[in-house]
Amino acid sequence: MNHNSAQLTRSERNERGRNEKIVLCQPKQPLSVSHCLATRGMAELLRLLLRVSEKAANVARVCRQEAPLFELLVQEKTGEDKNKKFVQDFKTLADVVIQEMIKHDVGAQFPELKGFIHGEESNKFENGLGESITVTVCETEEETAALLATVLDGDRTAAALLATAIHQDLQLVDQAAESLELPLRPHELGIWIDPIDATSQYIEGREEKVPEGELCTSGLQCALVLIGAYHRATGEPVMGVINQPFAHRDSSDQRWRGQHFWGVSCGTISASSLPRPPGHPGRDREPLLVLSASEKQAVKDALSGSRLTYASGAGYKILCVALGLADAYVVSEGSTFKWDSCAPHALLRALGGGAADLAACLGACPEDGGHPPELTYHQPRPGCQGAERWANHGGMVAYLEPRRLMGVIGALQGKI
């Protein structure tokens with residue numbers, strides 16, 4: 001590939017998500033005291049989201065690495081456990097525990113966000129005894145373990161391991177994030193959480209070996225923790241944190257290690273843990289588009305003038321665009337949701353790209369001009385129930401360069 005990121009080694013890409021310098025457009029006028037307090041609050045929110053994403057990644061790794069929890073996951077693969085419904089619930093329990101932990105920690109430090117922290121999962125479960133239990137994070141590790149034991153049919157060992165990971169005080173230091181200032185207040189925001197995107201890949205637990213500079217098509221590497229913040233009034237994504245719990249294995253102990261990325265796009269300020277992709281003379285080459293393997297054949301045929309590749313996880317596919325491993329991600333139907341796209345959309349915006357509503361783009365007149373219709377995150381779709389209220393019903397094109405978006409729209413116009 002000709003992309004700059006594709007030429008980096010894996011270790012260099014790992015570091016790129018941590019310590020890159022950022023360029024900020026700072027306001028020219030002196031800031032008021034209230035404005036300074038607001039910018040500090042936003043910087044603290046970003047640092048908090050980074051910390052809770054690392055806690056979430058650790059919980060995800062604990063559930064895969066610790067034998068009592070891993071055995072429950074393996075039982076789902078075999079389907080031989082008598083309490084089949086319970087085992088299926090446990091798969092969701094890993095997601096919900098992470099989601100509730102993030103809600104708890106963010107709400108504790110920023111009470112003004114309570115009621116505006118949304119996640120993919122319901123936190124109600126029915127255990128093997130038919131009891132309905134609401135999963136929450138309690139004030140102490142012991143109380144959380146006791147609650148989890150009731151969900152896990154009395155498995156106190158598994159409950160204790162999970163509770164320890166939930167209450168562990170992990171720190172994640174990102175020098176670029178430490179120096180960030182933003183002209184927003186936390187009470188202007190809402191948050192979307194996808195605790196484990198690509199859950200099926202997480203449960204299956206495969207490790208995919210890929211050459212340097214190429215994306216993974218499936219496997220644990222596709223499972224991500226996604227936390228995105230949006231503006232309540234406009235629905236614009238303004239802050240995104242992505243944590244990849246299973247980025248690579250440590251050769252010394254064979255345990256998984258993770259990496260994180262973040263991006264902020266707010267008015268004239270754009271900042272990211274990733275560098276802005278530079279222009280390249282070879283950019284006119286045939287673009288690489290990433291799709292879902294289940295994408296409609298009519299879409300694949302219409303895009304056959306480009307190179308096509310496939311990968312698992314909506315969040316991972318958008319991240320691949322941000323990393324320069326693909327030129328665009330195309331999905332034609334409403335199979336992705338706000339929690340999938342909010343965080344990586346904010347990262348793309350910080351890098352000069354975006355995530356456009358495909359149907360709206362196809363329906364726009366060529367002479368309309370202006371900015372492409374971007375996905376928004378603040379309003380449910382009228383007439384829909386449950387999760388469908390928050391689907392990206394028009395499909396999506398995630399891109400870094402606007403001309404890649406225009407190329408996709410041109411190829412699909414009149415074809416779907």
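1. Helices α5 and α6 lie oblique to each other (angles under 35 degrees count as roughly parallel, over 145 as roughly antiparallel, 65 to 115 as roughly perpendicular and the rest as oblique). Their axes come within 8 Å and cross at roughly 140 degrees. α5 spans residues 141-151 and α6 residues 156-167. The crossing is right-handed.

2. A word on the basis. This is a predicted model, where local features need pLDDT of at least 70 and side-chain atom pairs count only at pLDDT 80 or more, while totals for chains, interfaces and linings use all residues. Residues are numbered from 1 along each chain, and side-chain values use heavy atoms, without hydrogens or water.

3. The α5 side of the helix pair includes Glu141, Leu148 and Ala149. They belong to a set that meets α6 residues, among them Arg156, Leu162 and His167. The residues of this contact divide into eight nonpolar, three polar and two charged.

4. UniProt, in an unreviewed entry, places a "binding site" feature at Glu120, Asp194, Ile196, Asp197 and Asp340. Such annotations may be inferred rather than shown by experiment. These positions spread over 221 residues of sequence, yet cluster in space, with a largest C-alpha distance of 9.7 Å.

5. Ile196 sits in strand β4 (residues 189-197). Ile196 is buried, at 3% relative accessibility (buried means under 20% relative accessible area, exposed over 50%, partly exposed in between, with a 1.4 Å probe and protein chains only). Beyond neighbours within four places in sequence, its contacts (heavy atoms within 4.5 Å) include Ala60, Asp95 and Tyr202.

6. Asp197 is also in β4. Asp197 is buried, with a relative accessible area of 5%. Leaving aside neighbours within four places in sequence, Asp197 contacts Asp340, Tyr316 and Cys222, among others.

Note on methods
Axes are lines fitted to C-alpha atoms, for helices over the stretch in contact, and angles run from 0 to 180 degrees between N-to-C directions. Helices (H or I, at least four residues) and strands (E, at least two) are DSSP runs, numbered from the N terminus. A crossing is left-handed if the near helix is turned anticlockwise from the far one by less than a right angle, and right-handed if clockwise. Ala, Val, Leu, Ile, Met, Phe, Trp, Tyr, Cys and Pro count as nonpolar, Asp, Glu, Lys and Arg as charged, and the others, Gly among them, as polar.
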